[in-house]
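Biologist: I have a model open and would like to talk it through. Can we start with a pocket?

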Amino acid sequence: MTALRDESPTARTIVLDVPGWPGHRPGQHVDVRLTAPDGYSAQRSYSIASAPAGTRIELTVQRLPDGEVSEYLAQTLAIGYPLELRGPIGGWFVWDPRSTASVLLVAGGSGVVPQMAMIRTRAATGARAPFRLVYSVRDPASALYAGELAERARAGEGFEAAYVYTRSAPPGWPAPAGRISAQVLASSGWPSARAPAVFVCGPTGFVEAAADLLVAAGHGPHMIKTERFGPTGGQP
Ligand SMILES: Cc1cc2nc3c(=O)[nH]c(=O)nc-3n(C[C@H](O)[C@H](O)[C@H](O)COP(=O)(O)OP(=O)(O)OC[C@H]3O[C@@H](n4cnc5c(N)ncnc54)[C@H](O)[C@@H]3O)c2cc1C
């Protein structure tokens, strides 16, 4: 591990140099295994946040209250501690930078992590597929990568980002805090007639609600790829 970076009060990025890393596709994840001195071990999946770049990968871990593995990774882990990981894993929830189709990313909380790999890969490869991100977070402080996303959107190179605040919106925000809605997806996403490739990721309840709204808006179920991060999570 080469660096640690706070992304929010409860999430941090772990930068790893993985000898022999074969490279990855944006959207893939790794399995991280922690083993205690008594031999007890626990394993969880974490998406890769970075664009492919040699043997270097970045993970962003959201600390959950009483989370067995996330508390360790997002709080206790220090540079030099060993980390056992396996990957890259996954061939479904991936974006191909050669594709020119419009892309709609719908993220809840840390569900933005694999989508960040797609956004970064788009920029790193000079791909020009138009991207729109609809990002649902509890409040402004919970948003991951906010500065980078704002900068990429400002660059005006075919990337746009819109936020949904579920608990507390910033002062002057035009809408009250609330869940992701058909209205937000219609105004900040792509129309279904454009047949965008859609990637939805986040807590299970969020993913199911967002996918239902997208299908109701006419997006073909075969165009919607989903990844569920947690068995019990609701809206972020
Ligand atoms: C393919 C994949 C990729 C993932 N990528 C990431 C990632 O990039 N970053 C990241 O932070 N997490 C990611 N996750 C979630 C991660 O694998 C763990 O589930 C999460 O860190 C919780 O593990 P824990 O050991 O800390 O919590 P546990 O000890 O397993 O659970 C603690 C409590 O939190 C609840 N819980 C578990 N998962 C969630 C959740 N997602 N949302 C809300 N409540 C939950 C449990 O029901 C329990 O009550 C990913 C999951 C999958 C399947």
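Biologist: How do the residues lining the second largest pocket divide into nonpolar, polar and charged?

Modeller: The lining has 10 nonpolar, 5 polar and 1 charged. Ala, Val, Leu, Ile, Met, Phe, Trp, Tyr, Cys and Pro count as nonpolar, Asp, Glu, Lys and Arg as charged, and the others, Gly among them, as polar. This is a predicted model, where local features need pLDDT of at least 70 and side-chain atom pairs 80 or more, while totals for chains, interfaces and linings use all residues. Residues are numbered from 1 along each chain as its sequence is written, and side-chain values use heavy atoms, without hydrogens and water.

Biologist: Which lining residues are closest to the pocket's centre?

Modeller: Tyr 163, Val 164, Trp 173, Ala 175 and Val 184, out of 16 lining residues. Strand E9 (159-165) and helix H4 (182-188) each supply at least two residues of that lining. Lining residues have an atom within 4 Å of a pocket grid point, and helices (H or I, at least four residues) and strands (E, at least two) are DSSP runs numbered from the N terminus.

Biologist: Switching to H2, is that helix mostly covered or mostly open?

Modeller: Mostly covered, with 11 of its 14 residues buried, that is, under 20% relative accessible area with a 1.4 Å probe, protein chains only. Val 112, Met 116 and Arg 120 are among them.

Biologist: And what follows H2?

Modeller: Gly 126, with a positive phi near 75°.

Methods. Buried means under 20% relative accessible area, exposed over 50%, partly exposed in between (1.4 Å probe, protein chains only). On a 1 Å grid over the protein atoms alone, a cavity is a set of points where a 1.4 Å probe fits but cannot get out, and a pocket is an open set with protein on both sides within 12 Å along at least five of seven lines; lining residues have an atom within 4 Å of a point.
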